[in-house]
Amino acid sequence: TAIKFFPLEEHVLGFNSPMGMANLTHGDYTSVKLLKGAAKLPANALRYPGGTVANYFDWGTQSLDADVIKKVGKPSILRLLRLDLERNDGGLTRVNLDSFLKASELLSFRPFIVPNLFTEQIESIYETVDLVKSRFTNRIYWELGNELSLPIYGKKYAAPGGWNVEIYVKKANQVAKSIRRKYPEDKIGINVSEAVYGRAPGGKNNGHNNVYGKKWDNALSAIDEYDAAIIHPYVFLTDKHYKLFEQQRTDNPVISNNAIYEGQWRWLFSSAQGLPDIYVNKLSDQFPDKNIWVTEVGMSGNMAGNINSESIERLLFNIAYFSSWMRHYPKLESYLYHALLFGNSPHALLYRDYSYTANGLAFAFIKAAVEGGIEVAIPEFESSPTYNGIGPYRDLQVNALAGLYVRSSSGARLLITNTGNQRIILQHTFNGVRVIEYGGDKCTELRTSKIFDLKDLPVREVKGNQVEIKPFSVTLISAILSGSVE
């Protein structure tokens, strides 16, 4: 059965385009490499100049601000600067703004622009906004800073002259009012605090502080002109949670008899189901009339890097997590995965030959489901098997089935993930369906058995009113629009 349908006027999906992509393309967003890769994905929004980079970005040179980074840079940005200097024989990559805006026209993606509120002065920020608008007259989605609510920015790595929420509110208020007055067609998002509990298996995510976060959010009431609250709801996996994972050995494991793997599996899909509600409840209380922009999302933490680019976890997690967030559409206005990367990185979307990683294949399935859609709903599977959650979700019964139900003028599409070990028979009333599926308890063949397009996967025509949903799989069901699912 399906809950309420909503008009799918604009796809919310897109990607953070980090410095790693700029290095790969020498700062040119119109490069064949980027355009060819982005065309294989639901790249309906891209972000410039990236995430942490935005807080240390020199808009005059359109490159990293090496002097500022050497003074107050976080370890991650110091590493990035060092790599950038090494790749360019002591020079810096110019992240070409004009090429980004040109790519927006070529690919018809929504541009998310992040001016540097952290280390640049207010007059320079005004100049940044005017520079962008002089080159691009369509709507811009302005992010007023990147993760500036993190306590670390106000302490160990404070900007020159100090940093606190009062400084942020003053700058953001001035910039937002200027944008609204001069460019009323544009949209504006501000940095709110992240959820403290529910993002890490132990409960609390150490990168955030509840007292600091409440103080930050309360101060934001002084900002008048903005449209959305910006969050980065990463799900964390760290090695300190091994003991918790080891405690998850059960008589009826979901995925294997390996206790650590079993616990890790339960954690990923507990948070995929439960974390969006934690965020939305928090934001609805504090920013009830604002939309939500997720402008970075994915797995984070040192153990996340151990879940390699061909793992079934990444395939199923990305679809299940997006589906859970879509329960809050259209309040959810954007969902940008981190990151638009090619290669062998665990977070990459495509290998260098443009075949899909597990991450990329997940978004290819999502693209196939939503493309051309008129309306979308989140299906409720009344007889879905469940399994126990873990950590802060230990009282949660995780539904093995999750997905999207999309209707278009020509038919209906149902995208389903099964994160459980049971075979499911789906009942429907369509006059036959076409099925594409992929899965198994591992995706180890993705590196060798290349998938460049969903058309590379077997397609089966299924008559009658039943479809088998295999364990540990993603299934895309397409049908003519004359029935429903149960």
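Helices (H or I, at least four residues) and strands (E, at least two) are DSSP runs, numbered from the N terminus. The model is predicted, so local features need pLDDT of at least 70 and side-chain atom pairs count only at pLDDT 80 or more, while totals for chains, interfaces and linings use all residues. Residues are numbered from 1 along each chain as its sequence is written, and side-chain values use heavy atoms, with hydrogens and water left out.

The backbone comes first. Most residues other than glycine have a negative phi, and most peptide bonds are trans. Pro330, in the loop between helix H12 (312-325) and strand S15 (332-338), is joined to Tyr329 by a cis peptide bond with omega about 10 degrees. The bond from Tyr48 to Pro49 is also cis, with omega near 0 degrees; Pro49 sits in the loop between strand S3 (45-48) and strand S4 (57-58). Gln62, in the loop between S4 and strand S5 (63-64), is a residue other than glycine with a positive phi, near 55 degrees.

Next is a helix pair. The axes of helix H5 (residues 97-107) and helix H6 (residues 122-135) come within 10 Å and cross at roughly 45 degrees. Such axes are lines fitted to C-alpha atoms, for helices over the stretch in contact, and angles run from 0 to 180 degrees between N-to-C directions. H5 and H6 are therefore oblique to each other; angles under 35 degrees count as roughly parallel, over 145 as roughly antiparallel, 65 to 115 as roughly perpendicular and the rest as oblique. The crossing of H5 and H6 is right-handed, meaning that the near helix is turned clockwise from the far one by less than a right angle. Leu97, Asp98 and Leu101 of H5 make the contact with Leu131, Val132 and Arg135 of H6, where contact means heavy atoms within 4.5 Å. These residues divide into 4 nonpolar, no polar and 2 charged (Ala, Val, Leu, Ile, Met, Phe, Trp, Tyr, Cys and Pro count as nonpolar, Asp, Glu, Lys and Arg as charged, and the others, Gly among them, as polar).

Last is a pocket: on a 1 Å grid over the protein atoms alone, an open set of points where a 1.4 Å probe fits, with protein on both sides within 12 Å along at least five of seven lines; lining residues have an atom within 4 Å of a point. The second largest pocket has a volume of about 360 Å³, the space filled by probe spheres set on the points, which are joined across faces, edges and corners. Of its 16 lining residues, Ala364, Ala368, Asp453, Leu454 and Lys455 are the closest to the centre.
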